[in-house]
Amino acid sequence: MRFCRLIVLCLATLTQAQLGGNGSPAVYEGQTVTAVDLISNPHRNLEPLRGVALQKAGEPYSQAKVDASIQALQKAGGFPKVTVNVVPELSGVRVSFLLEPAYYLGIVEFPGADKAFPYTRLLQVANFADEDPYDSARVELAQQALQEFLKRNGYFQATIRTDNQIDDAHQLVNVSFNVKLGKRAKIAEVTIAGDDIQKAGGGEASRLLHSTRTLRARLTGGLLKSGKPYTPERIKAATALIRGELSRQHRLASNVQENPPQYIAATNRVEVSFKVELGPIVTVRTTGAKLSFLPFLSGRQIKKLIPIYSERAIDRDLVEEGQQNLIDYFQKKGYFDVGVKINFSRQPDQITLVYEIDRGKKHKVSDILFHGNNQISAQDLLAQVVVKKAHILTHGSISQKLLKQSVSNLEALYRDKGYEDVKINSRVIDHEPKLDIAFEIVEGPQTIVGDVNVAGNNNIPQDQLTPSKKLALRSGAPYSPRLLSEDRNRISATYLNRGYLNAEVKASVKRHADDPHRVDVTYAITEHQLVSIGEVVYLGEKQTRRSLIEKTAQLPSKAPMQRVQMLAAETRLYDLNIFDWSSVAPRKPITDQDEEAALVKVHEMKRNEIIYGFGFEVSHRGGNVPSGTVAVPGLPPVNLGGNKIAPSQSTFASPRGSIEFNRRNMRGLGETISATLLLSRLDQRALTTYAQPHFIGSQWSSLSSLSIERTTENPLFAARLGDVSFQVERLISRKSNTRLQIRYDFNRTSLSQLLIPALVLQQDRNVHLSTFSGTLIRDTRDKPLDAHRGMFGTLNLGITPTALGSSANFGRLFGQFATYKQLHSVVFANSIRLGLAKSFASSFIPTSQLYFSGGGTSLRSFPIDEAGPQRIVPFCSGLQNQTGCVNVTVPVGGRELFILNSEVRFPLRIMKALGSVVFYDGGNVYSAINLPNTFNNYTNTVGFGLRYSTPIGPIRVDIGHNLNPVPGINPTQYYITLGQAF
């Protein structure tokens, strides 16, 4: 993603360099000049020079006059350099003469307006860009645009005063639009007008107005009623409601638009009116075949396929587009021979459009064949075909659009392999009811690269021009226009990242005279000058300390000005979570200078945030989380084997409320404090955190937290929980994403009022833990939610001694290492986990600190946390519909954990988002650290599963079978959850 941004920046820089030159494109010749601006030092009076410029506003644009104006201005004003910039406008072109040395825009602020609107939105309205010169005319236009924006949002009383702060030391002008919003106007009266409305009488206007005053209008934000605030969102929603009402009347070609609002200053109210053109009544029907067996779905499909509904117009092109959409729709469902005829009739106030559908017989896509593919395998070609074969659950997918797209994809693949003259035709072979799809391929000769030359790279060796150290196009390899473009872009990006911001890279292809299918490739580089950072200027901070911004931006002066470094600085500033906008860029466009100031601009977001909620709850206490299990703090859920905890005989009714307060940028160092309070009858919680991006001015970030809770939601126990922790973290390597965490944690768990005392061991009812731990994390996965490549590793070592207030002396070690490798469309994923826990000084280990396993993310042939040692606990009370005692198996955890997981993930050809996996899980939880015992009680699980890709991770269905069954546990388990197993 970052590389793509670099490419865009490269192209933008080249474009800007072209437009910023003395010459303007000839395409502007003869166009009307709307304005002529003179831009220079704001201290200098430029009015006497306006008569010097020969190019005048209101006259046709003349390149000769522009060139003469440049020379005249340079001579009359003694300017060392004069450049021109031409900006197209709706009514012509705007010509700006830049008289160096000019001043440039610094920070732009909107005091008073940023309370009601996001800063980024206001900046968009002002339409200022980085590296823009300061132009008083542009500032005036920005003020007008801002005034109009405020009016559109209901602030008709708003006033704007522009203040300019000139920074002579840095040749910058900071612009401040001081806004007094006033009160937002309210709606006075709403009317609907139009010639068609007058002809239809008052009833039509009343019906349309009624649609903006219904319950639906209130729920969608389109309620138009006297006294309601005037907002563009309200007007837009009301317009949609009026259009919807007209659609229900079959007036599909109607037009609805708001007239200019009439503001009444005396009452601060707005008269709202709409101009409505009813248009004819349009009836659209389909006959001969249904789009769906469900009537409401059929109606939705018609609106989706017939563009008249979305375009709100009717013409021959839209009618024929609807015909093609219907053909494509039925062909994809297997009716390849479908025919759609159009019956169109027009009367003065009525149009009838009928699509007669003869869908024919249903076909299956039996086979996809390739003829003439001598150099590329059928398997590689099939990956480019969007036509799909029939499977158990589908008849396949075929249409003329899919065939054309398939041919286009295949030709692109061949051209990428050097077959520039390739010709491909598709053919459908009908075997009733089966279809074979044949692609007839004429490959033609392959174009081969002869010599690859790089010229002009005086300062960067050829083996450093691309990140891979080699060009994608090599001598003897097939010629590919795509690889040629990628090589050029990579070379450009390398120069940008080395500080050559004006470097030009041109790729040329020369064919051999004796063999037109053999080419020589040349990358001609014009490096231009190396640009260094002259000084770093920081703008926009108010509460934030300059030292924090400097430490975060990490821009050294006198170093090469690298685009990638500036992008990284912007990212780090955003990551502080105290700025809603940041920009790192040169002060002015890079032309011929070899040193330029870098501007670091920021805008601080609101420091205080309060989130609250209140309600009322009525609850019957139960002990099942989830149903059929018992959850106790610090212990894994206990499976009751089909039994359920009897609900409490008491009903608890009480208010319930929560409030959260966040204070950002404490002390101006980017530190954030957060406090949350939850109060209800059965549960009371308080949590506070304090985050520091630079702990004591270091490169370590820190997080401190304190939480307390008292809960009686479960009838089996009452719990008092407390936790205090302090953690510091540092990024060791950005390239390998390696982090080190050091943490101290003190927590207390106190259980009382136990309904089944034997469920919790005596030593686990009142536990204090005081732990020092260190964690090393390395994560190079491409997608953490669904990794295809990379690795994930973590190693944690902790010690919990009684000398620091713990209930026991013990230490824990846990490590995990997972790798992901992709071969074509198949992913091989492997993971190994090892956990060890050891007590010392004749102590014990609390059950909450032992290891548990079993479930969808570890051993998938065991229920959740039920692998390893267990004990029997008699339940003699508390169970629903039970008399006497029931023995329940309770996992007790182990001092050793060893798990080995291996998966092969591959796509299914049934649908694009559906995949499958076969897996192996091995290992167990062991009561003691003992190598022979590790092998003797080792379990083996095999299974398979399905994966359905979603934006938040795959939906996973896994079935695992234990090859070493454990008595009392079903050897086959299944899990349905979200996300990969590891």
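**Salt bridges and the surface**

Tutor: Happy to! Let's begin with aspartate 163 and arginine 161, whose side chains meet in a salt bridge at 2.9 Å, N to O; the term stands for a side-chain nitrogen of Lys or Arg within 4 Å of a carboxyl oxygen of Asp or Glu. Please keep in mind that this is a predicted model, in which local features need pLDDT of at least 70 and side-chain atom pairs count only at pLDDT 80 or more, while totals for chains, interfaces and linings use all residues. Residues are numbered from 1 along each chain as its sequence is written, and side-chain values use heavy atoms, with hydrogens and water left out.

How accessible are the two partners? Aspartate 163 counts as partly exposed because its relative accessibility is 31%, and arginine 161 is partly exposed too, at 48%. On this scale, buried means under 20% relative accessible area, exposed over 50% and partly exposed in between, with a 1.4 Å probe and protein chains only. The areas come from the Shrake-Rupley method, where only the protein chains shown count as cover for residues.

A second pair is arginine 482 with aspartate 416, where the closest N and O atoms are 2.7 Å apart. Arginine 482 is partly exposed at 42% relative accessibility. Helices (H or I, at least four residues) and strands (E, at least two) are DSSP runs, numbered from the N terminus.

Next comes glutamate 59, which pairs with lysine 65 at 3.3 Å between the closest N and O atoms. Glutamate 59 has a relative accessible area of 27%, so it counts as partly exposed; lysine 65, at 34%, is partly exposed as well.

Salt bridges can also link up into a network, as they do for Arg860, Glu903, Arg905, Asp921, Arg947, Arg956 and Asp958. The structure holds 41 salt bridges.

Glu311, Asp315, Asp317 and Glu321 form a patch of negative charge on the surface. Patches take residues with over 30% relative accessible area and no salt bridge, joining like charges within 9 Å and nonpolar side chains (Val, Leu, Ile, Met, Phe, Trp, Tyr) within 5 Å. Asp and Glu count as negative, Lys and Arg as positive, and His and the chain ends are not counted; each charge is placed at NZ of Lys, CZ of Arg, CG of Asp or CD of Glu. One member, aspartate 317, sits in helix 11 (residues 316-332) and is exposed at 58%.

The surface has a nonpolar patch as well, with about 1100 Å² of accessible area together; its residues include Met911, Phe944, Tyr974 and Ile976. Strand 40 (939-948), strand 41 (955-962) and strand 42 (972-978) each give two or more residues to this patch. Isoleucine 976 lies in strand 42 and, at 61% relative accessibility, counts as exposed.

To set all this in the whole chain: there are 17 helices and 42 strands, and the C-alpha trace spans about 105 × 80 × 80 Å along its principal axes. Buried residues make up 45% of the 982 residues.

Conventions:
Accessible areas come from the Shrake-Rupley method with a 1.4 Å probe; for residues, only the protein chains shown count as cover.
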